[in-house]
Amino acid sequence: MAKFTTMTSDLYAYMAGHRSDRDPLLAELAEETKSLGPISMMQVAPDQGAFLTLLARISGVRNAIEIGTFTGYSALCIARGLPQDGTLLCCDSSEEWTAVARKYFERSGLSGRIELRLGPALETLDTLDESEQFDLAFIDADKTNYSHYFDGLLARIRPNGLMLFDNVLWGGSVIDVTNTQDGTKAIRALNDKVRDDPRVESVMLGVSDGLTIARKRRVEELD
Ligand SMILES: C[S@@+](CC[C@H](N)C(=O)[O-])C[C@H]1O[C@@H](n2cnc3c(N)ncnc32)[C@H](O)[C@@H]1O
């Protein structure tokens with residue numbers, strides 16, 4: 001018997017109906033995002049958002065960074081899982097989409113925890129102070145730079161901290177050998193890289209379009 005349950009729309013609706021937290025502001029943000037049209041697909045699903053909140057909370061994350069904020073759904077989910085003095089640095093290149101995010105950050109009462117920096121994320125990472133460290137990074141932006149985000153962020157993640165990569169199944173195309181698109185190749189490269197890097201312990205989960213969680217090992221765990 002297969003060790004997984006194939007998702008259907010009905011099963012997904014059942015699953016969605018069995019989540020405890022239902023923040024009306026997040027639902028409103030999802031609605032406003034939906035009104036943007038097909039591009040709204042970029043937003044993480046509500047169950048994945050709830051997972052991000054829970055993960056940030058149970059891991060005791062204090063300082064987080066997000067690469068790819070869009071209209072702010074995943075950012076708000078992460079921010080909700082932070083303690084009062086926690087911080088979330090959001091990196092995105094779109095002024096238009098993050099204008100929606102800013103509005104909801106204000107309304108959530110969590111804007112004091114969130115800083116948004118506009119520009120190509122790799123450049124933003126380069127401008128960070130050398131001492132700036134994070135407990136959690138959520139990467140959900142341009143796939144062709146995923147490996148660069150891994151390389152750039154690993155040094156900034158505290159030991160035992162987490163790096164999360166979204167869309168690592170890329171709609172299933174990662175196993176389609178006929179698919180040689182840049183984004184697909186980049187995600188395959190990232191997936192191999194994370195698995196093979198002894199500095200992290202990782203697992204790829206079938207959440208939404210695939211989510212990899214990589215924990216940075218402590219020095220004493222390395223040979
Ligand atoms: C998939 S969306 C993020 C969705 C978001 N995590 C959410 O749940 O709503 C990807 C975002 O990455 C941003 N982006 C793409 N390439 C980027 C880059 N090189 N630097 C910064 N942001 C980038 C886009 O502007 C877009 O808002």
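How many positive and negative side chains does the protein have, and how far apart do the centres of the two sets lie? After that, please take me to F138: which residues is F138 in contact with, leaving aside its neighbours within four places in sequence?

Reply: Happy to! This is a predicted model, in which local features need pLDDT of at least 70 and side-chain atom pairs count only at pLDDT 80 or more, while totals for chains, interfaces and linings use all residues. Residues are numbered from 1 along each chain as its sequence is written, and side-chain values use heavy atoms, without hydrogens or water.

Your charge question comes first. There are 24 positive side chains and 34 negative ones, and the centres of the two sets are 4 Å apart. Lys and Arg count as positive, Asp and Glu as negative, with His and the chain ends not counted; each charge is placed at NZ of Lys, CZ of Arg, CG of Asp or CD of Glu.

Now the overall picture. The protein has eight helices and seven strands, and its C-alpha trace spans about 50 × 45 × 30 Å along the principal axes. Helices are DSSP runs of H or I with at least four residues, strands runs of E with at least two, numbered from the N terminus. Of the 223 residues, 45% are buried (under 20% relative accessible area, where exposed is over 50% and partly exposed lies in between, with a 1.4 Å probe and protein chains only).

F138 belongs to strand 4, residues 134-139. This residue is buried, its relative accessible area being 0%. Beyond its neighbours within four places, F138 is in contact (heavy atoms within 4.5 Å) with V44, Q48, L52, I65, E66, I67, S74, I78, L164, D166 and L211. The C-alpha atom of I213, 75 residues away along the chain, is 9.3 Å from that of F138.

Let us follow two groups of these partners. I65, E66 and I67 touch F138 and fall within strand 1, residues 63-67. Strand 1 runs parallel to strand 2, with five bridges joining them (strands pair when DSSP finds at least two bridges). One of these bridges links I65 to L89. Strand 2, residues 87-92, has five of its six residues buried.
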